[in-house]
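Colleague: Thanks for sitting down with me over this one. Could we go through the side-chain contacts together?

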Amino acid sequence: MSREIIINSSYIVASILFILGLKMLGRQATARKGNLISGVGMLIAIVVTLLDRHVIDYTWIITGIVIGSVIGLACARFVKMTTMPEMVALLNGFGGLASLIVGTAEYFRIRGGTIVPDHPEFTASVIFFAVLIGGITFSGSIYAFCKLAEWLSGRAVLFRGQHIVNGMLLVLTVVAGVVFVVAGDPFLQLAAVGVFVALALVLGWTLVMPIGGGDMPVVISMLNSLSGLAACAAGFVISNNVLVVAGCLVGTSGVILTAIMCRAMNRSLANVLFSGFGAVPAATASGEAATMQGELKPISAEDSFAVLEAARQVVIIPGYGMAVSQAQHVVREMAEMIERNGAEVRFAIHPVAGRMPGHMNVLLAEANVPYEQLVEMDSINPLMPTMDVAIVIGANDVVNPAASRDKASPIYGMPIINAHEARTVICLKRGKGTGFSGLENQLFLMPNTRMLYGDAKSSLQGVVAEFKSLAST
Ligand code: NAP
């Protein structure tokens, strides 16, 4: 068998493992195995590539692998589940930077005269794309990381003519790219590389600037997709089939995830990227929000316990506030006590509850809540009228009935969990704070709703203490 057949067959095996792994990542029960299978695919791809490339000296390659592995292991060990969005932002950014470096390094290799590509215009074009997309992904991801880590304000930064400035930067970058591809003069080409590398880095920053911190998960998923496309372009630059395939997989899965998140918020990607959502407080109340009636009725931990003790069907609806207060462990403890008391407990998961895709799933998995208890929105809503108690833990927008019935509401059309249909609703929040959208919520004023005020974790600890004292009597 020729060397080329062995190399390409190994790449096909690696690609199949990537696809299988990706598929398995779609379900919590198989996700760990999926991760492992993709990792094996990556190992095959790396080993085969190194053997294929006639490497003369492995010193720097081994040094890089050791440093990268130590950093990766440390991150896997020490980064908390709640800081995963920041971690993913950094990983995307470095993926983009790698493509930018591969693109520019290949340019200097060709310029150095060691090789002459068969199709110089094609090679120059893919170098341009790898650098452009890689540069945007790198600086955009670093900005997103700084917003998520609160090193920079999470607010959308808007200024007059922002879209025009961004548009002009993009046009200038493309012009520099065209000059790079068609210019025969080496100095003109070098100048063009300098210009579009710099512009790509500026563009990444300015494109993320007008997007609020709350929308960063959508941006990160989009940047993830871009890092895949950059890797795909880098694969064409160095003629590496498996890099092209892996890049396409990351690119397309990122696009799908971005689309799912936008649909779950009933917003278009353009609205997320360009509307400056979250830059200013929500518009003056209109529609249902303007005519909200009813009063907020507080309830104590003791009374909440009494309601829960009598319940037979309980649904827990977690939201961003559960993540803020890190209440997942005490939530699990409370759920176990309610079950021991003879009730059935379910966790209703909204696809955009919290601030990143799967945010609630990750937190509840960390607290060892069994997968079987997690129910998706579409499955729980038909059961909602049969629920004795719905406990809303730091969720707001995802249970706001205005989304389904107030056409004037900015979140109209966003699918919600129908918590208001349960017989009794207990809402845990610290005060009168609004949710991510900045909107008031009629749910809190409904006759069947009670407000358990305070940090979610301490409120739940109060309820758990009541269950414990019942158990000890
Ligand atoms: P939310 O609408 O942001 O509401 C969170 C609620 O938690 C607030 O009303 C707040 O009220 C309460 N809270 C905050 N800290 C708390 C604490 N320590 N203890 C108790 N309560 C606390 O959250 P959500 O219902 O989960 O909705 C998520 C929102 O984020 C949606 O609008 C969604 O579109 C958006 N979003 C999500 C994603 C994603 O991928 N998941 C991406 C982009 C945007 P108080 O201040 O009164 O306590």
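Colleague: Gladly starting with R423: how does R423 count by relative accessibility, and what is the value?

Modeller: Bear in mind that this is a predicted model. R423 counts as partly exposed, and its relative accessibility is 48%.

Colleague: Which residues are linked in a network of salt bridges?

Modeller: The structure holds eight salt bridges. One of them joins E336 and R340, with the closest N and O atoms 3.9 Å apart. These two are four residues apart in helix 14, so about one helical turn separates them. The network as a whole links R332, E336 and R340.

Colleague: Helix 14 also holds E333. How far apart in sequence are the parts that K468 and E333 tie together?

Modeller: The side chains of K468 and E333 meet in a salt bridge at 3.0 Å, N to O. K468 lies in helix 18 and E333 in helix 14, so the parts tied together are separated in sequence by 135 residues.

Colleague: Turning to rings, what is the angle between the planes of F122 and F236?

Modeller: A search of the whole structure finds nine aromatic pairs. F122 and F236 form one that is edge-to-face, 6.0 Å centre to centre. Because F122 lies in helix 5 and F236 in helix 8, the pair ties together parts 114 residues apart in sequence. The angle between their planes is 90°.

Colleague: Are F305 and F467 buried or exposed?

Modeller: F305 and F467 form an edge-to-face pair, 4.9 Å centre to centre with 85° between the planes. The pair links helix 12, which holds F305, to helix 18, which holds F467. As for accessibility, F305 and F467 are both buried.

Colleague: V307 lies in helix 12 too. Which residues does V307 touch, not counting those up to four places away in sequence?

Modeller: V307 counts as partly exposed, at 25% relative accessibility. With residues up to four places away in sequence left out, V307 touches I299, V389, T424 and I426.

Methods: Residues numbered from 1 in each chain as written. Predicted model: local features only at pLDDT ≥ 70, side-chain atom pairs only at ≥ 80, totals over all residues. Heavy atoms only, no water. Phe/Tyr/Trp six-rings, centres within 6.5 Å; stacked < 30°, edge-to-face > 60°. Buried < 20%, exposed > 50% of the residue type's maximum accessible area, 1.4 Å probe, protein only. Contact = heavy atoms within 4.5 Å. Salt bridge = Lys/Arg side-chain N within 4 Å of Asp/Glu carboxyl O.
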